[in-house]
Amino acid sequence: MSIEQSSGPWPAGGDAVGLLGRSAELEFFAELRRRPADGGAGTAVLLEGPAGVGKTALLEAAADGARASGFRVLRFAGVESEVTLAYSGLHQLLFGMRDGFDRLPPGQRAVLEGVLGSSVAQAPPERFAASVAVLEALRRTAEDDPVLVVIDDVQWLDRASGDVLEFVARRLSGLPVDLLVAGRAGHAHALDRHGLLRRRVEALDEGSAAALLRAAHPGLAPHAAERLLQEAAGNPLALLELPALLTREQFTGAAPLPLSLPVDDRLEALFAPRLRELPAATLELLLVAALEGTGGLRTIWAAYPGGMDGADAALPAAEEAGLVRVDARAGRLVFRHPLVRSAVVRTCRPGRRRAAHRALAEALERDPERRIGHLVAASLGPEEPLAADLEQAGHAALGRGSAALATTALRRAAELSPEPAERSRRLAHAAYAAAQSGALDVTAVLVDDGYGERASPQDTARATLARVYALLETDGDATAAHRLLTGVIDGLLAAGTDGAGTGSAGTGSAETAGAGTDGASRQPSPAAVREVVGELQFLLTLVAFYAQRTDLWPEVLERCRDAPDPVRLYCLAFDAPQERAPEVRRRIRRAFAALPPDAGPRPVTQLSMLSVYFDEASEYREHWMRVARRSREGGTFVQWSYGTILLGHEAFFAGRFTEAEALAREGLAMAEELGHRLAGFRLASQLALVAAVRGDAETVSTLTRAILAWSEPRRLGLLQVSARQARALLALGQGDYETAYRDCALVGPPGTLPPLNPRAIWSVYDLVEAAVHTGRTAEARVHVAMARSACLGELSPRLALLTHAAAALAGPVETAEAGFRRALAVADVHAPFDRARVRLAFGRWLRTHGRDPEAAREHLAAALHTLEELGAAPWAAAAGTELAALAPPAEPEPLLLTPQELQIADLAATGLSNKEIGARLYISPRTVSTHLYNIFPKLGIRSRAALRDALGAQARAEGGGEYAEYVDRPVI
């Protein structure tokens, strides 16, 4: 799905990939090039920084820029394996200059040829002779073009070459030669003794690191990106290399990242030399700490074979190597760089890693979510006890909103299951967890793998839930989803819900009984079977809501007669919102009050989704925020997207339009990333509402066209209603009341709140306003009567405000003023946009009916102030226009005619021609014409025929005055 180009969570970069965030360094190189090119002195610069920070990429950029500026670039690098070979580095430099050796004196040429090994010299040349010869060779080379000498990995430069280059670096002041050297911080090298200009290359800042990661690895899942950004800590090499080492599922977010990220040879080389020097006990301690992940000393000491005393003895060697430090205040062991952890894990054998994971799993007995990863990592082959532990941990994680972790645990539990029936059951639960996490491709794979001869009705039901979530989000096929759900519900109800003869059920609860350790088939508890049936029923009502298919609704009601309370509430609300809104609101409040403090995300989300349609948005905001936060942290995209939509609606109704837009954009970016089209279009409809308030017609048109184009063929009425509400709001702001009325009537015809469409409550005032302004007073009054009979004003202060205002708009003139005042007297209305709209309507009514101009001015000014603050430009413009219309008419400035113009106008008013007027006044006809050309606009006329009336009107306006003699003068 691509609705529009969304900003997403990543900043844009301006440099090439690999140089993002390096603008300061590139400008420094540009300045460095200018000095030798302009005849100035050469400079020797040392770039210092940790391994992988991008020094080599910067050297490449400097070399490319120098070549483009006419420099000759000589480049070489230190090689660790050649560090003991005299002149090995200098050999690379001279090889690039050998074409100019003929310019050198014979003696110096012989010295350099000796370094290259191409002369008959038996021994390497003496250091001073070699230094002088190299300096002269550079001077002769620079006679044609300025020279840039680039040296990488100077820490691996042999000592003899370093001595020669140190000699050269001290003598660059008179040469058009720059020396650019890069070395690893903390490593001694030959050029340390010379006072080179030092420039530190730091890790990338957060924004540049994110831009580099996205540019180099488009399509990386947001959750994976967040983890990689933390692990890389701004190191460009890590940002470029780490994503390539992930599996496809980890890269796309379909599977969580491992506790310790994989590293390749290049990344391991950043820290491996120091690790190889550590004692075995120290490396063992670092392995436990690396796999533990958080640095918690208590857990590390508990899992380390030597305990706290052994750790105290092993730790100093790692601290002296600069790999870790102890943060005593926080009680944590901190790695100097996150990649040290990954390098430690890579250097240890698989058997040692599994043993460390087992020890950590035992130490984390009271932390089931973290324990899961260690259990998974410690496992090898089929093992029922371990599979059972993982299954239990997976259900607990899902109940807390950690769907990604639950998917991993349940999938691994299935793989470790010796019995096919157990494997099938656990795969069904893994598929459901994957669907909740948003990993739809993994869901499809697990659903297909889970079906088999041993699949029980409960396994099939759980897999169907996963399949329906995927079907709705990807294809939006509500009809097929309805058919699948009714079929599996009928099957479970026919088999009975007492658990007899069935094999599985539910999520997040104690759903099995009598489980042994021999892989025997488990029997579900009756509560677990009821739980899975209840979730199927809830999803069935949700499908009907999305489709708003009244033809399917009787089947839904039939299958939900004995459903649990959240489902029954949905049935009540959707069946007749016009009659049951207050009752549903009361029951929602009771259900929220009955929730336990540790309630999982699902019941909170189910109640919250319903409450928002009955204008309870602000009441339960803290619940939604908690669910959204936990779901995001746990990778439960379905619950997180619901929470984001709810929070966006609450922000919109509260007038926090920027917040509502940010929430919708973030959710939309995630939905597009994961391929959740239905969620994406719902979030797009929120963007359209914000754009409508701001008067952004282009955005509203783009978004609503896309929403309708996708939803109309699929008969997804909810999305169609959302698009039309945004269109109606835009039209109201533009004063296009006919368009607004048509869209509002499609949302809910006058006098009705259609079944399955409680969202029509939001459009009651919009429809009445549009109807009144298009002369449909009868329709407006019918709609107001419906709102009153449904007691919509009792649902919330905001709806009380709007219901009273709608009644005032649609009612008779003699009751309107009292109705508006009653609306504005409603207390605790935390909806500044709606309140400003009502004040605008009241001020307009007062002005057009000639009532109390001071009160009209007060309401219009207040509305204008609020609407401008909110950025509701069309409404603010309307308030400004109404306010201007209240201003008293300005006194017209007298447009006095000059004496000669007065004579000419007088004569022209009598019917004389220009020639006749000229003859009387002794001026030319052309002069008469010019004067008349000036007289007409002064009097506001366009022809001679209007002169007499204009002169008379002016005289009356002046109360006689100069023009009095022309009043009622007969025409000659």
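In helix α37, the residues V764, Y765, D766, L767, V768, E769, A770 and A771 are buried, where buried means under 20% relative accessible area, exposed means over 50%, and partly exposed covers the range in between (1.4 Å probe, protein chains only). The structure is a predicted model, in which local features need pLDDT of at least 70 and side-chain atom pairs count only at pLDDT 80 or more, while totals for chains, interfaces and linings use all residues. Residues are numbered from 1 along each chain as its sequence is written, and side-chain values use heavy atoms, with hydrogens and water left out.

Helix α37 spans residues 764-773, and because 8 of its 10 residues are buried, this helix is largely enclosed by the rest of the structure. The cover over these buried residues includes α35 (717-734), α36 (737-747), α38 (777-789), α39 (797-810) and α41 (832-848). After α37 comes G775, which has a positive phi near 80 degrees. Helices here (H or I, at least four residues) and strands (E, at least two) are DSSP runs, numbered from the N terminus.

For the protein as a whole, 47 helices and 9 strands are assigned. Of its 972 residues, 55% count as buried. The accessible surface amounts to about 40,300 Å², and 51% of this area belongs to carbon and sulfur atoms; such areas come from the Shrake-Rupley method with a 1.4 Å probe, and for residues only the protein chains shown count as cover. Among the contacts with a separation of 6 or more, 69% join residues 24 or more positions apart, a contact being heavy atoms within 4.5 Å.

Confidence in the model is expressed as pLDDT, the predictor's confidence in each residue, from 0 to 100. The average for the protein is 81, and 87% of the residues score at least 70. Over residues 118-122 the pLDDT is below 50, and this stretch has 4 contacts in the model beyond near neighbours in sequence. Residues 497-521 also have a pLDDT below 50, with 73 contacts beyond near neighbours in sequence. Where pLDDT is low, the predicted coordinates should not be read in detail.

The packing of helices can be examined in one pair. Two packed helices are described by the angle between their axes and the distance between the axes. Helix α33 (residues 677-694) and helix α43 (residues 873-886) have axes that come within 5 Å and cross at roughly 25 degrees. Helix α33 is therefore roughly parallel to α43, since angles under 35 degrees count as roughly parallel, over 145 as roughly antiparallel, 65 to 115 as roughly perpendicular and the rest as oblique. The axes are lines fitted to C-alpha atoms, for helices over the stretch in contact, and angles run from 0 to 180 degrees between N-to-C directions. The meeting residues are A692, V693 and R694 in α33 and A873, P874 and W875 in α43.

Charged side chains were examined for salt bridges, each defined as a side-chain nitrogen of Lys or Arg within 4 Å of a carboxyl oxygen of Asp or Glu. By this rule the count is 42 salt bridges. In one of them, R159 pairs with D163, with the closest N and O atoms 3.2 Å apart. These two residues stand 4 residues apart in helix α6 (residues 159-169) and are thus separated by about one helical turn. R159 is partly exposed at 49% relative accessibility, whereas D163 is buried at 14%.

A salt bridge also links R561 and E558, with 3.0 Å between the closest N and O atoms. Here R561 is exposed at 56% relative accessibility, and E558 is partly exposed at 43%. In the pair E650 and R656, the N to O distance is 2.5 Å; E650 is buried at 6% relative accessibility, and R656 is partly exposed at 29%. Salt bridges with shared partners also join E384, E391, E422, R425 and R426 into one network.

S417 lies in the loop between α20 (403-415) and α21 (420-437) and is buried, with a relative accessible area of 8%. Neighbours within four places in sequence aside, S417 is in contact with E384, A387, E422, R423 and R426. S417 and A387 are 30 residues apart in sequence, and their C-alpha atoms are 6.0 Å apart in space. Q606, located in helix α29 (residues 601-613), is likewise buried, with a relative accessible area of 10%. Apart from neighbours within four places in sequence, Q606 is in contact with F538, P566 and Y570.
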